Amino acid sequence: MSDVTRAGDEVRRARYAVAAVFAVHGAVTGSFATRVPWVQDHASLGAGQLGFALAFTALGASCAMPLAGGITHRFGSRTALRGLLALWTLSLILPSIAPNLVTLCLAMFVYGASAGMADVAMNALGVEVERRLGKSIMSGLHGMWSAGALIGSAAGTLAAHLGADARVHFALASAVLTVLGLVACTWVLDLQPAEDEEPPPRFALPPRSALLIGAVGFCAVFAEGASLDWSAVFLRDRLDSSAGLAAASTTGFMLTMAVARIAGDAVVNRFGAVRTVRAGGVLAGLGGLLIVLAGHPAVAMAGFALMGLGIAVVVPLCFAAAGHAGPNPSQAIAGVATITYTSGLIAPSLIGGVAQATSLMVSFVVVTALACGLAVFAGVLRTAERGGGEVSRRAAAVPDPRP
């Protein structure tokens with residue numbers, strides 16, 4: 001077997017392995033989301049206290065993500081991902097054993113920190129696999145995350161329906177996902193730093209190249225967070241929909257995003273990152289317009305579906321652009337991830353604040369404006385096209401000298 005053939009087989013295995021890692025990561029999130037009411041009751045918290053505790057997830061992620069680059073540099077990409085992913089899957093247990101507000105805040109901080117570090121490590125590996133293949137795969141990887149989240153939430157829904165104790169549910173889910181994650185990590189790329197490569201700082205601010213890319217991701221994640229958390233409320237309160245129909249709008253939004261992400265790589269490979277995001281911004285803006293003007297639940301549900309379709313591939317392409325933008329992919333990806341996590345943190349509360357001061361319709365005018373911003377500022381992702389273009393296709397045909 002030639003070196004080129006052997007290298008190609010290694011990259012293909014690594015692609016499937018990192019896709020499995022994304023699915024495992026998403027399954028943890030989906031598992032937790034379905035049992036939040038149980039966690040709230042177990043810790044005897046009101047709605048405001050629960051919201052305060054959940055905010056520590058994003059806080060932990062934002063604080064810890066800049067550390068991921070140093071960990072990867074010290075231990076190598078495979079060992080680092082193996083440890084960080086196991087930390088993330090095992091941290092699922094913590095919220096279920098927190099008996100009060102203080103312990104739940106601490107549990108959510110650790111939960112968010114481990115999620116963020118594993119997120120950076122797996123996205124950095126995804127970008128490297130994409131570079132070696134010479135074609136877009138990041139949208140599909142994030143589609144696998146969404147698929148994992150749906151599977152985790154389905155299992156969690158079943159556990160809740162059966163009245164299972166979340167401590168038992170989370171312990172079993174954590175054990176299964178830890179094993180699956182460790183197995184998947186066996187075949188990811190094992191990148192080691194060059195002998196003369198300087199280690200990154202222990203804690204680094206996002207590089208300048210990540211700020212503009214992160215701003216695009218901010219718009220997409222803001223629209224995503226607003227739609228996930230407020231779509232059902234919008235249909236119920238503004239359009240007098242039934243609880244089942246309102247919930248179906250959220251499910252439809254999630255399914256649209258998952259399908260669009262899985263299919264998105266073909267679109268990106270055909271039209272490029274910039275044109276794909278511009279078209280997505282137009283679709284998302286149209287969806288937002290339907291939501292704002294909706295006089296019937298079906299119109300609003302179509303709007304949320306279009307919103308999900310339009311923003312689905314933006315965050316994967318932002319991570320890809322960050323990974324191609326400079327010499328330190330982990331640091332740039334951590335910067336973009338920090339900005340997007342912040343957007344996800346503030347979106348639900350800001351939508352609620354605007355709705356309280358004016359109306360929920362005005363809140364979605366803000367969401368629509370940000371979604372349209374994707375079409376305006378998509379050009380900052382041009383680095384992803386350069387990173388995944390002809391240079392990368394030529395590089396993919398040559399065995400990489402790193403182990």
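Trainee: Which residues of H14 are buried?

Mentor: This is a predicted model, so keep that in mind. The buried residues of H14 are Val314, Val315, Pro316, Leu317, Cys318, Phe319, Ala320, Ala321, Ala322, Gly323 and His324.

Trainee: Which residues of H13 are buried?

Mentor: They are Pro297, Ala300, Gly303, Phe304, Leu306, Met307, Gly308, Gly310 and Ile311.

Trainee: Now the core. Which residues touch the most other members?

Mentor: General idea first. In soluble globular proteins, nonpolar side chains tend to be buried together. Now this case. The largest nonpolar core has 108 residues, and Phe234 and Phe364 touch the most other members. Helix H7 (residues 101-133) gives the most to this core: 15 residues.

Trainee: What is Phe364 in contact with, leaving aside its neighbours within four places in sequence?

Mentor: Its contacts are Ala226, Trp230, Phe234, Ile291, Val292 and Phe304. Phe304 is also among the buried residues of H13.

Trainee: How do I read a pair of packed helices?

Mentor: Two packed helices are described by the angle between their axes and the distance between the axes. Take H5 (residues 77-91) and H9 (residues 166-185). Their axes come within 9 Å and cross at roughly 170 degrees. H5 and H9 are therefore roughly antiparallel to each other.

Trainee: Which residues make the contact?

Mentor: H5 brings Arg78, Leu81, Arg82, Leu85, Ala86, Thr89 and Leu90. H9 brings Ser174, Leu177, Thr178, Gly181, Leu182 and Cys185. By class, the contact of H5 with H9 has 7 nonpolar, 4 polar and 2 charged residues.

Trainee: Last, backbone angles. What is the phi of Ser44?

Mentor: Ser44 has a positive phi of about 55 degrees, although it is not a glycine. Look for it in the loop between helix H2 (36-42) and helix H3 (47-64).

Trainee: Does Ser44 count as buried or exposed?

Mentor: Its relative accessibility is 60%, so Ser44 counts as exposed.

Trainee: Where is Asp240?

Mentor: Asp240 is in the loop between helix H10 (208-239) and helix H11 (243-271). Asp240 is not a glycine, yet its phi is positive, about 55 degrees. With a relative accessible area of 67%, Asp240 is exposed.

Definitions and conventions:
Residues are numbered from 1 along each chain as its sequence is written. This is a predicted model: local features need pLDDT of at least 70, side-chain atom pairs count only at pLDDT 80 or more; totals for chains, interfaces and linings use all residues. Side-chain values use heavy atoms; hydrogens and water are left out. A nonpolar core is a set of buried Ala, Val, Leu, Ile, Met, Phe, Trp, Tyr and Cys residues joined through side-chain atoms within 4.5 Å. Buried means under 20% relative accessible area, exposed over 50%, partly exposed in between (1.4 Å probe, protein chains only). Helices (H or I, at least four residues) and strands (E, at least two) are DSSP runs, numbered from the N terminus. Contact means heavy atoms within 4.5 Å. Axes are lines fitted to C-alpha atoms, for helices over the stretch in contact, and angles run from 0 to 180 degrees between N-to-C directions. Angles under 35 degrees count as roughly parallel, over 145 as roughly antiparallel, 65 to 115 as roughly perpendicular and the rest as oblique. Ala, Val, Leu, Ile, Met, Phe, Trp, Tyr, Cys and Pro count as nonpolar, Asp, Glu, Lys and Arg as charged, and the others, Gly among them, as polar.
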